[in-house]
Amino acid sequence: MLKIEVFQEDVNVNARNMPPRDGKPGRTIYEQTAYAYLGGKFPVQMRLQVNSPAEAYMAGEYEVDNSSFIVNNFGGLELKRFGLTISPIAKPASSGAVTTAK
């Protein structure tokens, strides 16, 4: 499982305008800063694309769905450039019970 985390200070969406090119209209790309846990000591900062500012991911931990991975033309594994699917990681529910020693 690949874990991605969005911190509270990164819930804002940044917009990048792509100019028209080769007869295609320009477009706006919306991104959030997120962090991927790749097994090292610290998570690695990454850009997480969203369809619109209204669809920004809330602060929390997410996992990348298996449908978001592809095998590229060179046989290497990579994430899809578009159509990344992530879902929240459920936090374990606490029992709320407090045990005291006698």
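Predicted model: local features only at pLDDT ≥ 70, side-chain atom pairs only at ≥ 80, totals over all residues.

Mentor: Residues are numbered from 1 along each chain as its sequence is written, and side-chain values use heavy atoms, with hydrogens and water left out.

Trainee: How many helices and strands does the chain have?

Mentor: Helices (H or I, at least four residues) and strands (E, at least two) are DSSP runs, numbered from the N terminus. Along the sequence the pattern reads β-β-β-β-β-β-β-β. The count is therefore zero helices and eight strands.

Trainee: Is Thr33 buried or exposed?

Mentor: Thr33 belongs to strand β3, residues 27-37. Buried means under 20% relative accessible area, exposed over 50%, and partly exposed in between, with a 1.4 Å probe and protein chains only. Because its relative accessible area is 17%, Thr33 is buried.

Trainee: Which residues does Thr33 contact, leaving aside its neighbours within four places in sequence?

Mentor: Contact means heavy atoms within 4.5 Å. With those neighbours left aside, the partners of Thr33 are Val6, Asp10, Gln45 and Met46.

Trainee: What is the angle between the planes of Tyr57 and Tyr62?

Mentor: Rings of Phe, Tyr and Trp (its six-membered ring) pair if their centres lie within 6.5 Å; planes under 30 degrees apart count as stacked, over 60 as edge-to-face and the rest as tilted. By this rule there are two aromatic pairs. Tyr57 and Tyr62 form an edge-to-face pair, 5.3 Å centre to centre, with an angle between the planes of 70°.
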